[in-house]
Amino acid sequence: MKEGTMITMADSSIASAQKVWHAMQGIWYADSLAYTLNSLQISTLPGISGDWVTTLAARAGMLNKVGGKWHDSRQEMATPLLSPIINYDNNLSVLNEHLTVSKDMDAESIIMYMQNLYEMARENAVKLRQVKHEFALWKNSVDNVFSLVEESIEEGWSALDVEEVSVGRLTGEIAVLQNAIEDLQDSVLPGMLKKEGKFAKSFGKIIYTGIVAGKPVSVLSAGGLFFSVGSTFYEIFSNYSKTKSAIEEIKKCKIEFNLRQQALAQTKSLLRFLQKLQIKVVLLENEFGEIVELWEDEKSFLGSKLSSFRDGADPQKMNLVAKAGVWQTMSEFAKKFLQESYVSDSFELEI
């Protein structure tokens with residue numbers, strides 16, 4: 001029975017810590033989406049006909065503003081996620097120490113301490129529920145503007161007619177490049193807590209160019225926020241065979257297609273890239289919800305204990321060892337995120 005209990009406790013600790021980890025991943029994805037939106041630039045160029053591109057450029061400016069709003073409130077969203085976990089663990093571990101080691105706390109003091117823990121859990125649940133609401137408002141504002149951007153891109157794409165099949169080749173190659181970047185980023189994130197070394201935060205910008213009067217000019221540019229451990233993201237990215245081959249194919253395609261075709265392929269690819277980021281960011285709302293549930297569950301646990309004390313149960317016989325173990329594991333995760341230092345760099349890739 002004891003062995004089974006230990007396995008359950010370990011599973012519970014890992015599962016709870018993973019919820020914290022997934023929420024932090026979601027915040028990083030939101031960082032990346034916001035940075036991309038904030039840095040997005042779509043140019044109106046001679047040779048590209050139609051109102052769609054003028055409207056698209058204007059709507060890209062709207063996305064810039066939406067991305068900036070995330071940066072304004074980001075700290076207020078992330079801080080209630082981590083610091084309260086560490087603070088709560090510190091307080092719970094003190095009570096657990098008194099119950100299991102020193103055994104020097106009287107029943108009345110234990111009840112008062114438990115009541116304080118209950119208030120902490122209640123307040124943290126309320127705060128995170130508000131954070132979840134604020135995040136939902138920001139996400140909705142992104143969705144609203146994004147639907148307009150999608151409408152403009154689809155308008156230009158629908159005018160391709162017979163060109164669509166050939167331009168689809170360029171769109172596909174750009175997708176290969178973007179997928180390679182996404183694969184590299186996704187492969188790094190799960191191992192970040194296990195690896196030694198500093199986090200490297202890279203601000204990257206991909207500039208898609210077209211030829212106007214014999215000179216390369218920017219059609220669109222979009223930034224990205226990438227995380228790695230030890231080496232910078234660009235060092236890893238620039239040596240990745242999939243990205244090298246994709247860039248070479250994109251260059252070959254650009255020789256074959258006119259500026260209008262290139263612009264359509266690039267904006268279509270950008271749309272797909274933003275859609276993928278959106279899907280990941282939507283998950284953050286669920287992750288915030290799960291952390292809220294952690295605090296609600298803790299509040300219910302404490303409330304049940306306090307009720308049992310009122311019914312005559314002896315507080316001094318309470319066992320919090322398993323509970324303290326769960327919160328200690330979550331606290332270790334939270335400290336890792338708060339204590340890691342970052343090495344920042346930036347790069348530009350022009351294709």
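Ser202 stands opposite Phe226 in strand 3, and Phe203 has Leu225 as its bridge partner in that strand. The structure is a predicted model in which local features need pLDDT of at least 70, side-chain atom pairs count only at pLDDT 80 or more, and totals for chains, interfaces and linings use all residues. Residues are numbered from 1 along each chain as its sequence is written, and side-chain values use heavy atoms, with hydrogens and water left out.

The secondary structure of the protein chain amounts to 8 helices and 4 strands. Helices (H or I, at least four residues) and strands (E, at least two) are DSSP runs, numbered from the N terminus. From the N terminus on, the elements follow the order α-β-α-α-α-β-β-α-α-α-α-β. The protein chain has 351 residues, of which 48% count as buried; buried means under 20% relative accessible area, exposed over 50%, and partly exposed in between (1.4 Å probe, protein chains only). Its accessible surface comes to about 16800 Å², with 52% belonging to carbon and sulfur atoms. These areas come from the Shrake-Rupley method with a 1.4 Å probe, and for residues only the protein chains shown count as cover. Among contacts (heavy atoms within 4.5 Å) between residues at least 6 apart in sequence, 86% join residues at least 24 apart.

The strand pairings involve strand 3 on two sides of the sequence record of elements. Strand 2 (residues 199-212) and strand 3 (residues 215-229) pair in the antiparallel sense over 14 bridges, two strands being paired if DSSP finds at least two bridges between them. The hairpin that they form has 2 residues between the strands, and Ala213 takes a positive phi near 55 degrees there. Strand 1 (residues 41-42) also pairs with strand 3 in the antiparallel sense, over 2 bridges, and Gln41 has Ser221 as its bridge partner in strand 3. Strand 3 is mostly covered, with 11 of its 15 residues buried.

Helix 6 (residues 241-256) has 16 residues, which at 1.5 Å a residue should span 22 Å; the end C-alpha atoms are 24 Å apart, in agreement with that value. The expected span is 1.5 Å times one less than the number of residues in the helix. Thr243, Ala246, Ile247, Ile250, Cys253 and Lys254 are the buried residues of helix 6 named here. Seen down the axis of helix 6, the buried residues fall within an arc of 125 degrees, so they line one face of the helix; the arc is that of the directions from the helix axis to the C-beta atoms. Ser241, Ile255 and Glu256 are exposed on the other side of helix 6. An α-helix has 3.6 residues a turn, so residues three or four places apart point the same way. Phe257 is placed in the loop between helix 6 and helix 7 (259-310). Phe257 has a relative accessible area of 9% and is therefore buried. Phe257 and Leu170 are 87 residues apart in sequence, yet their C-alpha atoms are 8.8 Å apart in space.

The largest nonpolar core contains 98 residues, and Trp70, Leu95, Met114, Leu117, Phe135, Trp138 and Trp295 touch the most other members. A nonpolar core is a set of buried Ala, Val, Leu, Ile, Met, Phe, Trp, Tyr and Cys residues joined through side-chain atoms within 4.5 Å. In soluble globular proteins, nonpolar side chains tend to be buried together. Not counting residues up to four places away in sequence, Trp295 touches Pro84, Ile85, Tyr88, Ala121, Asn124, Ala125, Leu128 and Trp327.

Met120 lies in helix 3 and, with a relative accessible area of 18%, is buried. The C-alpha atoms of Met120 and Pro84 are separated by 8.4 Å, although these residues are 36 residues apart along the chain. With residues up to four places away in sequence left out, Met120 touches Asn87, Tyr88 and Asn91. Ser331 is found in helix 8 (residues 321-339) and counts as buried at 1% relative accessibility. Under the exclusion of residues up to four places away in sequence, Ser331 touches Ile85, Ile86 and Asp89.

Lys103 is found in the loop between helix 2 (51-102) and helix 3 (107-158). At 63% relative accessibility, Lys103 counts as exposed. Phi of Lys103 is near 50 degrees, a positive value in a residue other than glycine.
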